[in-house]
Amino acid sequence: MSILHATQLNKEYQMGEVTVHALRGVDFVVNKGEFIAIMGASGSGKSTLLHLLGGLDSPSDGEVMLAGKRLAQLNDNDLTIIRRREIGFIFQFFNLLPTLSAAENIALPLLIDGKRIGDYAAKVDEVLTLVGLADRKDHRPHQLSGGQQQRVAIARALVTDPAIILADEPTGNLDSASGGEILKILRHACDEKEQTIIMVTHDEHAAKYADRIARLKDGMIDAQS
Amino acid sequence: MKSLNELVIRNLDQSRSRTLLTALSVSIGVATITATGVFESGIKASWGGGEGPAGFIVNITAILFTGVGGMILLAAGFLIFNAFAMTVTQRQKQIGMMRALGMTRKQVMRLILLEALATGGIGTIIGLLLGQPFGQAILSSMSQFGFEAGRGSLRLQDVLLAIFLGMGITLFASLVPARRAASVSPMTALKETDDAKQVTKVEFRSPRTMAGFIVGILIWAWLLIAPPGEWSGYYPPLDLVLLQVVGIIWLFAVILLAPYLFQKAADWVKPFLWKFGGISGRLAADNLQRNPARLTLTALSFAIGISVLVGAAGLVSFQNDVLLGTISKNALQEAGWHIYAFDRSSGVAQLSSFGNTSASALDPAVIEAAAEIVRDRAEVGTIYMVNAAEIGSPTTGFPSFLLNESEVKRFRRPEVFNLLEGDRDEMLRLLLQPGCALTTSPAVAAKFKVTQGHSISVTGIHGKVDCVVAGVGSYGIVPVSLLSPGARDFFVPEGRTPDTYAIHPRPDTDRAALEADIFKLEERFPDKAFVSTADQEVRAVTDTSDQLMVIFNGMLLLAIVGAAFGMLNTVMVGILERQKEIGLLRAVGSTRGQIMNMLILESVLTGIFGVLLGAVMGFGWAAISALTIGGIAWTLPDLDLRAAAWVVLTPAFLNGWWAFIAAPLMAGLIAYPVARSAVRGSAVDALQPERRDIISANRSAQ
């Protein structure tokens, strides 16, 4: 059953004076519970594809269907709510808020949704334990290592039990041991909770954790395996 | 690019709106100082050289206005510091890259300082251009009080002062950021920016906080246990010096304490903000705690204007309500009428006549008619205004008064003349004997180190005259010096008529009938005879300073607008700096509204913190003015200064309350458009600021 369906995606953007064609007619289908790696050289359009799939950005042309909804037809508010509840994001640079503790950073999507942190303490503890940071919950980001910060970011993506997790080079900034930890957690989420994971990476080793690899070249899908 | 200096221009051009905003904050300060000069020269031109009480008030006003200009510049200095500190943080990578390419620390520092000088220069030029029309506008605004001022001119000394302060403060404020820029390591260029930047925490035990705390405690312990106003007086003008010195120490104590207090305040409001404002409220409170120095400087730029507003109102209230209020209680007991050649109840407008002896002398016909009306129903005092700088009190510019015998004889009664040093009978004897005798205020007596029976050499119309001191004390509502009837030949030209005709009803006289008759004089001699009652006399003085407060309020509104420009600047850069964070919040599902709420709330809270800080400083200054000036110069040595310090707080609040609302409101209004534009782009724009979406790029190009 497909959860994400992109058809004929085109994306152009301006970089200084140059117009960049980041994506040229990409068709892409993701089934529920799949772990997909998107690979490609830098500038091949993989991050752009991820952003379009997650509704962070809108395509110049083409459309994205997410859980039966056409993203282009949604207004900004509805799109925001979908991001908040259906999608978890993980970035290469962990993007934690420096003023919040690890537990508070994890709870951020819930807080933004107007939920009370007290009601979700058990959930936050659960994901903290899952990423192996139960003893670090009150630490601020600057008190954590890079690998630990990324695990907090993953916990933040998992806390809402989103149907889809989008990860943009989640191991790109980590040593191989920390990276391995992260990938195991993602694999676990996919196997145990049937969450769909789409991961952009240029690391062949990381891609091995995925069920399927889509390779992008010059803004087009080159091969799928 | 031809040289490194061109880089300065490019940098300024790139952040055009920020440069302009910073320059505008400087220009408002420079304009105020320039306008003060124009105002002063305009008033002096029409008030005859600024002698007498008019000069006294012009000088005080000019000092106040220059003070306001200086304060605005100081606030601008804080904002310049903020602006450049943020520029340096933001451009760390660029600076690191230039260092990596071989730029020396000195070159980096020069680059930043040149940018600051260019910004300050633009601001100073704009300020100088605005100063002349602005000063003229203040002069014209005085016509609503019935005062026709002349044309003010821009004086070289004010231009130089404005340039010096405008450029000096800019340069000084950018020094620390420039040094910080110079210390950026070339490695910075190669590293990814550190996302998990440590949040600065201010400890109570930090040297700065402790210093502020100890200085604050010590200064108030001293002020309250042994108020310096109990021994300070006008000669030398120790009270005003003390007011300024203690006021500045208090300012510094508050500045040192502010970061810690703000942090505590944010801690304290955080649960409420979280409860009522949700995550936006919580994050807003968090963000305020991230950079205590920046928050303090931004809040201070608001606080400065507000504190001056509150403090000055306290000072004026101390003069009007406490000093004049107490003295006038005595004067009112002697209720009678004074006839003048000008309208004393006209506030500022009266000043041009008061002290200008050619304009203030009564018409002989008026005196003749008054004598006819009064006949034997009252005692008549005739009073001449005399300019004798040596014995001028409360300041050297103030006129002294020469009285006739009948007025002097009334000094038998303590409520007419409040004798502080010497024997009353001896005083009367000395005053009524031939030759020059005088009474004076304790301040003048202290200046010459004289008391009853000693002599002072005073400059009269024919040269120096030795005058014997008959007593030390006060008469009327201002502690002036008085000359005896026997001194007349030395101080009053032949044929001159008195300036005041004082009528004191006899105990058996029908007061109402006499008053009605006296007021008929005003109808008979329009523009030549003005009757004033004792309470009008008091009001004449208080009205004058109240009217000046109106102008003063207007100038302080300007200070707050100046602070708002800087606020806009700070908010703008603060948002730019956090673009990634805003993108992240959008990515994890914050609506635009939530982010806007957060940003606006931050701004409003900064405004509120500024108000609180301004209130603490201003109320402090109001109380300090009572505690340092004291009552000695006003012949009230036994005044309860601690009670006075308490009393002046209410009027200080009533004058400044509008700013308490205006500052947070303005802060919120200013943040609104900036916050709107911050959330306009897509989340990707914020996460990857170097890439602009083609749609939004087109939109901004249209």
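Among contacts in chain B between residues at least 6 apart in sequence, 85% join residues at least 24 apart; two residues count as in contact if their C-beta atoms, placed from the backbone, lie within 7 Å. This is a predicted model, in which local features need pLDDT of at least 70 and side-chain atom pairs count only at pLDDT 80 or more, while totals for chains, interfaces and linings use all residues. Residues are numbered from 1 along each chain as its sequence is written, and chains are lettered from A and ligands numbered from 1 in the order in which they are written.

Let us stay with chain B for a moment. Chain B has 23 helices and 11 strands, where helices (H or I, at least four residues) and strands (E, at least two) are DSSP runs numbered from the N terminus. Of its 702 residues, 53% count as buried. A residue is buried if 20 or more other C-beta atoms lie within 10 Å of its own, exposed if 12 or fewer, and partly exposed in between, with C-beta atoms placed from the backbone. The chain is divided into domain 1 (1–194), domain 2 (204–332 + 544–702) and domain 3 (363–528); these bounds come from an automatic or database domain assignment. Taken over C-alpha atoms, the centres of domain 2 and domain 3 of chain B are separated by 48 Å.

Now to the sheet in chain A. Here 6 strands form an open sheet in the order β6-β7-β8-β3-β9-β10, with mixed pairing; two strands pair if DSSP finds at least two bridges between them. At the edges stand β6 (87–90) and β10 of chain A, each with a single partner strand, so one side of each is left without a neighbour in the sheet. Neighbouring strands are turned by 20 degrees against each other on average, direction ignored. For such angles, axes are lines fitted to C-alpha atoms, for helices over the stretch in contact, and angles run from 0 to 180 degrees between N-to-C directions.

Within this sheet, strand β3 (residues 35–40) of chain A pairs with β9(A) in the parallel sense over 5 bridges, and A:Met39 stands opposite A:Arg215 in β9(A). Strand β9 (residues 212–217) of chain A also runs antiparallel to strand β10 (residues 220–224) of chain A, joined to it by 4 bridges. There A:Ala214 faces A:Gln224 in β10(A). The hairpin of β9(A) and β10(A) has 2 residues between the strands, and A:Asp218 takes a positive phi near 50 degrees.

Helices come next. Helix α3 (residues 102–112) of chain A packs with α5(A) at an angle of about 35 degrees, their axes 7 Å apart. In this pair, A:Ala102, A:Asn105, A:Ile106, A:Leu108 and A:Pro109 of α3(A) meet A:Val152, A:Ala155 and A:Arg156 of α5(A).

What about the nonpolar cores? A nonpolar core is a set of buried Ala, Val, Leu, Ile, Met, Phe, Trp, Tyr and Cys residues joined through C-beta atoms within 7 Å. The largest has 229 residues, and those with the most contacts inside it are A:Ile38, A:Ile106 and B:Ala559. Helix α19 (residues 592–629) of chain B gives the largest share of this core, 22 residues. Domain 1 and domain 2 of chain B both contribute residues to this core, so it lies between them. Apart from it lies another core, of 37 residues, among them B:Met385, B:Phe411, B:Val444 and B:Val458.

Back in chain B, 7 of the 9 residues of helix α18 (residues 579–587) are buried, so this helix is largely enclosed by the rest of the structure. After α18(B) comes B:Gly589, whose phi is positive, near 110 degrees.

Strand β1 (residues 337–340) of chain B is buried on both faces: B:Trp337 and B:Ile339 point one way, B:His338 and B:Tyr340 the other, and all are buried. This strand runs antiparallel to strand β9 (residues 500–505) of chain B, with 3 bridges, and B:Trp337 stands opposite B:Ile503 in β9(B). On β10 (residues 530–533) of chain B, also antiparallel, 4 bridges join β1(B), with B:His338 opposite B:Ser532.

Finally, B:Val380 sits in strand β2 (residues 378–386) of chain B. B:Val380 is partly exposed, with 18 other C-beta atoms within 10 Å. Not counting residues up to four places away in sequence, B:Val380 touches B:Ala371, B:Val374, B:Ser406, B:Tyr501, B:Ala502 and B:Ile503.
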